[in-house]
Amino acid sequence: MGVQRAIKRLVDLGVAVGALALFSPLFALLPVLIRRDSSGPALFTQERPGLHGRLFRIYKYRTMSDARDADGKLLPDAERLTPLGRLLRKTSLDELPQLFNVLRGELSLVGPRPLLVKYLPLYSPEQARRHDVMPGITGWAQVNGRNAISWEQRFALDLWYVEHWSLWLDFKILALTVLKVLKRADVSAAGHVTMPEFTGGEEA
């Protein structure tokens with residue numbers, strides 16, 4: 001298993017470096033388009049829990065404005081999602097900066113998606129096992145419904161990945177991810193920009 005983990009890391013590095021070179025024109029173009037689309041920085045950063053719950057700062061291209069109501073509160077996500085941001089999410093191009101997280105060893109190409117820090121105290125002991133492996137840009141839950149499935153289903157799929165991980169499974173997930181991106185499938189749950197908020201209480 002240790003050899004497989006080492007190979008997984010080498011694959012992560014090789015694919016990340018290759019993808020950064022391949023998409024280098026987009027890394028130059030997208031920040032300009034994002035800043036033109038709405039005011040604010042091109043990158044969105046946020047702390048997320050990684051392997052064993054250790055916090056790291058994840059990178060994404062910004063897809064929302066900072067529009068607020070009369071009381072200064074941020075508007076709902078659906079109202080702040082910009083036209084360009086909607087396109088970036090449908091094509092998953094907003095995830096491109098996470099290749100740098102892969103190079104830093106904070107993310108793998110494949111693994112359970114890192115969720116919000118505020119969810120950590122809401123997990124059951126079983127759900128918390130999703131942090132036994134490195135989080136990923138894509139994962140088993142992403143190719144089996146992504147944001148169109150329930151939290152219960154997502155946790156069950158994440159835990160299945162933790163228990164059945166192999167290099168072959170990672171390659172299968174990467175291939176399925178390409179198909180999902182091309183089809184632009186399961187980007188959001190019904191009535192939501194992505195997923196409804198996790199409030200705990202779901203059994204994995």
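**Ground rules.** I am working with a predicted model, in which local features need pLDDT of at least 70, side-chain atom pairs count only at pLDDT 80 or more, and totals for chains, interfaces and linings use all residues. Residues are numbered from 1 along each chain as its sequence is written, and side-chain values use heavy atoms, with hydrogens and water left out.

**Entry 1: the cavity.** On a 1 Å grid over the protein atoms alone, a cavity is a set of points where a 1.4 Å probe fits but cannot get out, while a pocket is an open set with protein on both sides within 12 Å along at least five of seven lines. Lining residues have an atom within 4 Å of a point. Grid points are joined across faces, edges and corners, and a volume is the space filled by probe spheres set on the points.

My search of the whole structure turned up one cavity of 30 Å³ or more. The volume of the largest cavity is about 50 Å³. I listed its lining as K8, V11, D12, S108, V110, L167, D170, F171 and L174. Which elements supply at least two residues each? They are α1 (2–22), β3 (108–110) and α7 (167–183), and α7 gives the most, with four residues. Helices (H or I, at least four residues) and strands (E, at least two) are DSSP runs, numbered from the N terminus.

I also sorted this lining by class: five nonpolar, one polar and three charged. Here Ala, Val, Leu, Ile, Met, Phe, Trp, Tyr, Cys and Pro count as nonpolar, Asp, Glu, Lys and Arg as charged, and the others, Gly among them, as polar.

**Entry 2: a pocket.** Next I took the second largest pocket, with a volume of about 170 Å³. Its lining includes R5, K8, R9 and D12, along with L51, G105 and D132. I noted that α1 brings the largest share of this lining, four residues. By class I have four nonpolar, two polar and five charged residues.

**Entry 3: aromatic pairs.** I counted 10 aromatic pairs, taking rings of Phe, Tyr and Trp (its six-membered ring) with centres within 6.5 Å; planes under 30 degrees apart are stacked, over 60 edge-to-face and the rest tilted. How are the rings of F27 and Y61 arranged? Their centres are 6.4 Å apart and their planes at 50°, so I call the pair tilted. F27 lies in helix α2 (residues 24–37) and Y61 in strand β2 (residues 55–61), so this pair ties together parts 34 residues apart in sequence.

Both count as buried (under 20% relative accessible area; exposed is over 50%, partly exposed in between, with a 1.4 Å probe and protein chains only). F27 has 18% and Y61 has 4%. I also noted one aromatic cluster formed by Y119, Y123, W151, F155 and F198.

Entry 4: I stayed with β2, where five of the seven residues are buried, so the strand is largely enclosed by the rest of the structure. Strand β1 (residues 43–49) pairs with β2 in the antiparallel sense over seven bridges (DSSP must find at least two). T45 has Y59 as its bridge partner in β2. The two strands form a hairpin with five residues between them, and H52 in the turn has a positive phi of about 60°.

R57 and N101 are 44 residues apart in sequence and 8.2 Å apart in space, C-alpha to C-alpha.
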